[in-house]
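Open the model in your viewer and keep the selection tool at hand. This tour goes stop by stop.

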Protein chains: 4
Amino acid sequence: MAANFHKIINDPVYGFITIDDELISQIIAHPHYQRLRRISQMAMAHLVYPGAVHSRLHHSLGAYHLMRWALQELTGKGVDITPEEQQAAKIAILLHDIGHGPFSHALEHVLAEHLHHEELSLMLIRDLNHTFNGRLQMAIDIFTNKYPKKFLHQLISGQLDVDRMDYLTRDSFFTGVIEGAVAYDRIIKMLVVKDGVLMVEEKGIYSIEKFLVARRLMYWQVYLHKTVLAAEQMLQRIIKRAKHIHAACAEPLNSFINQPIAEVTLDQFCSMDDNDVMMAIKQWCHHPDIVLSTLCKGILDRKLLKVKYFSEEIPESLIKEKSDATKKAFGLSEDDVQWLVYTGVAASSTYNFENEHIQILFKDGNVKDISTVDNALINENLKGKVKKHYICFPQ
Amino acid sequence: MAANFHKIINDPVYGFITIDDELISQIIAHPHYQRLRRISQMAMAHLVYPGAVHSRLHHSLGAYHLMRWALQELTGKGVDITPEEQQAAKIAILLHDIGHGPFSHALEHVLAEHLHHEELSLMLIRDLNHTFNGRLQMAIDIFTNKYPKKFLHQLISGQLDVDRMDYLTRDSFFTGVIEGAVAYDRIIKMLVVKDGVLMVEEKGIYSIEKFLVARRLMYWQVYLHKTVLAAEQMLQRIIKRAKHIHAACAEPLNSFINQPIAEVTLDQFCSMDDNDVMMAIKQWCHHPDIVLSTLCKGILDRKLLKVKYFSEEIPESLIKEKSDATKKAFGLSEDDVQWLVYTGVAASSTYNFENEHIQILFKDGNVKDISTVDNALINENLKGKVKKHYICFPQ
Amino acid sequence: MAANFHKIINDPVYGFITIDDELISQIIAHPHYQRLRRISQMAMAHLVYPGAVHSRLHHSLGAYHLMRWALQELTGKGVDITPEEQQAAKIAILLHDIGHGPFSHALEHVLAEHLHHEELSLMLIRDLNHTFNGRLQMAIDIFTNKYPKKFLHQLISGQLDVDRMDYLTRDSFFTGVIEGAVAYDRIIKMLVVKDGVLMVEEKGIYSIEKFLVARRLMYWQVYLHKTVLAAEQMLQRIIKRAKHIHAACAEPLNSFINQPIAEVTLDQFCSMDDNDVMMAIKQWCHHPDIVLSTLCKGILDRKLLKVKYFSEEIPESLIKEKSDATKKAFGLSEDDVQWLVYTGVAASSTYNFENEHIQILFKDGNVKDISTVDNALINENLKGKVKKHYICFPQ
Amino acid sequence: MAANFHKIINDPVYGFITIDDELISQIIAHPHYQRLRRISQMAMAHLVYPGAVHSRLHHSLGAYHLMRWALQELTGKGVDITPEEQQAAKIAILLHDIGHGPFSHALEHVLAEHLHHEELSLMLIRDLNHTFNGRLQMAIDIFTNKYPKKFLHQLISGQLDVDRMDYLTRDSFFTGVIEGAVAYDRIIKMLVVKDGVLMVEEKGIYSIEKFLVARRLMYWQVYLHKTVLAAEQMLQRIIKRAKHIHAACAEPLNSFINQPIAEVTLDQFCSMDDNDVMMAIKQWCHHPDIVLSTLCKGILDRKLLKVKYFSEEIPESLIKEKSDATKKAFGLSEDDVQWLVYTGVAASSTYNFENEHIQILFKDGNVKDISTVDNALINENLKGKVKKHYICFPQ
């Protein structure tokens, strides 16, 4: 670590983000990382929330900033974290999303089928580790949860990780849905480590409740907003339809559309970003396939499919009614109409009782899961996933 | 209403508050209203949250601002509200707290026993109505819920009134507990009137949930914060002890301490504010009664009693232990020690299922109480009051 | 205007933007307007300020919001503005930037040479006027300053127009350079019209000074920031070099690069956005022309030319030194090296004394230009343009 | 310094203020310091800006927070500051205002004539030093500028001290005059020490300009606002008149009114706060002296004298006109009327060219005063004091 290396980046969310480690600065300067400037964080959410155009680079810088702060607070409380571990944890969070492709989650599993973005992130981090002569090994160990101090991994991926804290805060900021803001500063100040596990001090309980309710709100008001859902569904169907009918476009996207995924290289993946998909969409607006061109023009000119949410399964009669009308209006076959009229299920869980836990450390040394404390807001109601059924169809 | 009458007041919470009605401007200029500058909104909360020193005048101006906005939104949606009704509703909210005495809620029922601040408000509004030649009559009818358009009263006093919206927003702002902030702007935009009743549009559900959770948080983190509770308990006991031992102080407070409440005049009430109580406390620091002087010095120098919260009744053994220690340390009798060592119950309900309702208006015209909608956050858990037992004792 | 037409859009800057006019809603829904989603407001500024990725659509919605508010305030003060004029002024500001092409100002006059974006805006507004059966005529008259009530044009284009107020506020917000924020709310509340001219009330003087100083700061700290300047210079040189060497790319950009501008159609212009330029840049990274590929890789991977500012002309010796080094490092000819090593002048004026004026209306009815009031901050120093000379060269 | 001592205080301005030093915690808990809770920061400004009710305790905690941060930044840049010096600098700023009496500046030199608040602060700090067994000696040396590292004193008292940064920020926050906000975070990050002197990095120039312009705005828009000036003038005249006619009130204020200042003790000074003055004002509302009772009722009921600003000396004819009208209306003598009708001069300097300097450190190592850099905003115009003449008289 170079002494006195010091750069600051303006961030409207946190004020200033400090980079005071030369290796981290070099990683940020690498083309793999710079590519994240061209990957939008929230895919099509900007069609409803015009401010939501921030990039995945910005989010991962923000998560890095919170990690840096959390590590400072924890070491300030006497938790033993060496400078090397701090550097590694910061690198791990900086790179946690580096495997995202065009439009992030919206096209995950669609463009590169069978590949989760975390696997791609790992492949790319290993690639960078090679470039930087093995200096990223500890970051890889933390990222893959092989490092003994488990709380470092929990800070990257867990119920209270800095990833979630940043994306909720940042997405709330850029959408203007201020109700989604979380008290990241208070939560970070309440973090403690006991027996190697990340916990929250007793007096942070209400902040955690607020965090979980904010997340619930962000899901239904933003991420699963009807119009956002419609647009992201359309985006997915554009790629799927293009694969289905073998529509051509410029490289490297063309390889992802028209070749088996096994033949595509990591380099090709890394040379692709939102621009490639948008350009294909612009060209396919004039494609002879009516399904593809309709979907593409829909995204381009914001003429989106209509979405209706139901608390129960969509009635067959409604599906038939919409299908018939669409077949007629667009002159589509029974097979093809299902690309424009379809149903699905949107789901969100506020707190997962099975797999994840937020541990509260009481003043007397006791530890309880937040779902079992007295007067808990987070119990009966928030158990299990909330599901909503939806139907999409042309207006 | 004078044409073009127009004044603006800077408010750090909302930016600018506009006064565009001459009668309202005259009411604000009246000494009864100006007295509210000297009544703090949050009593002793500033001992924990140093920013919480805002006045009740500021709060009632804020509530007026939200009322003005809510009326604009509702008329914009076609709800029939005449200019006279608008003026009356604005006057009613402006004056809703005018009956508060020194330190507001903290000394309510203690200084002027048996008198609720709303009764005192009504007495003072009637007094002003006399001064302004009966021009406040419609405001009185709305305030007392005798006016036919019930939703106007609901805006002043109900689950979603502008009073609550302002005090949560403002108290959150001045304490710096940003998690208590509510999306007043969004909620106001979601208000509708159906069948004369105030309701919230379906798409405002998550904002309402957030509002109720914010309120829950503000109660436990601020209003019932251990140290705030201790200080406000001490303040009450100062007045009670002074009455008990007939401690003298300057007028008009002396009359409230040493005369039957029936003999005290409304004028005397109106000439009293926080300064009177603070001056008495400063003088009583040197009072020979050890209980009174201890409590007074405690408030003045912020040497507060210690509070412990328990989820169950306080064990007798603990009370005895603390009483014995205090008797010894202060040389107090069995009777007097109970002024410094005592137990009580703090309670807060997020949503009152019996008396109050937040109605949600669905797009299809259906109306449901928020506690009965699908996937409601607000049901099982938030039913009934949350109680915490506490004990206070000298440190 | 349809009764009760009402839509709200979340905006992180102003909270909510209200659309309550069906014609305006239809204009926003038009593909010409939706295209502005794909034109970034600040071109390459995001390479320094990662949050600065907001779109020109967002800015023009914001300017519309301020116009709506300013009209409300002025009519509230008794200025005569008919509903038709209000609608027209709102349409004019909504569309004032519709003629911007890819990367807005950064590529203005470079892609479509000899065409100012305001001329293109006017062409497109006329096109829309045709589509909407002449309902935009009054908006055109205001836009072109042919409408008798000159203050309406001043609100769109003048020293204190809502365009500037929005872009300073918005660019400050998204960059996180909070010092560039202007008190748009206070300024709007201080606007008055006298003798048909837009003025500012006396008590708004300090806000205006602050506005001009904020603008000065935004120019030097953001718009003309060394690194932003370097990147935007590189962007321009990419297009110019591509024209120079007839580099091919996809349509419609190819026509703008390789055809006389006279042969390009408005439709082609409208089908082009930032994506087209970015895709060409990505492809040209592999172009055999070393100048073009160097510039393109520089933008893509953020390997920017270095910029140095000087208060006087750049010394010839420095230019020669950098040119020689670059010729050697890149193997370039004397002609070609000037594409990578070059000098220029950056300029900003805070207040233009010749052409523009901010009139202050005093309480006694007098009117003075802000540069002539007592104790003016805005006089000697801010007269004339501030110029800085710069040199760009490879690091 | 106790290991792991750690307390946080919520502050709406900065989020959280951390106290991590036991001595500092004990100083804050001392009655001398707690008294500052009852001294308002902005005296009568709340009569115009209702939010401006924050206390001097809150301001000094805020200044402490900025000092803590500035010391962190400077040590992070390699400036040598020992832990003892850090503690001392933090104590010095924490106590810099401890000598303020009721209503701070508004009654300085009026209540305790001939005593500047900094002398009183020093007396009280020495008193505390005695209590804390000499542990405040280094703080005293820094406060009195006898400590060799001069930049520590500059942080407490200089053109860019944390005192100014906090009061501008805080007063702007609580008044809602957001234009007065300064970029304290950016300025602190730009501070450097060269040759023992505090300087600002070159890239901070625009932030400094903005800081000086914000200060100028705060003076004229807030501190010297006509109505605020009127109210504070009245407050001063109340005390002066009470001294003049030997009006009685409760102790300890009575001693300050009716005894030679030499006979008053420091203890008496410390037992006095805003409440004492307000109670006297309330009682004097009924005083037989018409001048005193008029001024007191004016403050209590916000019936203030009217103020008019002039750029030149007030015409004698106007003074005579107002004096005659007032004599008649109030039945006052020629002598007494001068207590209600009087003239004065309000002055503010943005940047003092003679005594104070803001040094800019350029990248090449050169140092220049900000008033001499190229294109400086801060030169001709801001030289010397800006003066406005005013006249006060009953409405």
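Predicted model: local features only at pLDDT ≥ 70, side-chain atom pairs only at ≥ 80, totals over all residues.

**Stop 1: chain A.** Chain A holds 18 helices and nine strands. Its C-alpha trace spans about 70 × 50 × 35 Å along the principal axes. A compact globule of 395 residues would have a radius of gyration near 21 Å, so the 23 Å of chain A agrees with that. Buried residues account for 50% of the 395 residues in chain A. Of the contacts in chain A with a separation of 6 or more, 68% join residues 24 or more positions apart.

**Stop 2: a sheet in chain B.** Move to chain B and find the open sheet of four strands, in the order β3-β4-β7-β8, with mixed pairing. Which strands stand at the edges? They are β3 (191-194) and β8 (367-369) of chain B; each has a single partner strand, so one side of each lacks a neighbour in the sheet. From one strand to the next, the twist averages 45°. Now select β7 (residues 359-361) of chain B: three bridges join this strand to β8(B), and the two run antiparallel. Pick Leu361(B) to see one bridge; its partner in β8(B) is Val367(B).

**Stop 3: chains C and D.** Select residues 205-223 in both chains, helix α10 of each. The two axes come within 10 Å and cross at roughly 170°. α10(C) and α10(D) are therefore roughly antiparallel. Show side chains at the contact, including Tyr206(C), Trp220(C), Tyr206(D) and Trp220(D). The contact residues divide into eight nonpolar, two polar and four charged.

Methods. Residues numbered from 1 in each chain as written. Chains lettered and ligands numbered in written order. Axes fitted to C-alpha atoms, helices over the stretch in contact; angles between N-to-C directions. Parallel < 35°, antiparallel > 145°, perpendicular 65-115°, else oblique. Contact = placed C-beta atoms within 7 Å. Nonpolar A, V, L, I, M, F, W, Y, C, P; charged D, E, K, R; others polar. Pairing = 2+ DSSP bridges. Rg over C-alpha atoms; globule rule 2.2 N^0.38 Å. Buried ≥ 20, exposed ≤ 12 C-beta atoms within 10 Å, placed from the backbone.
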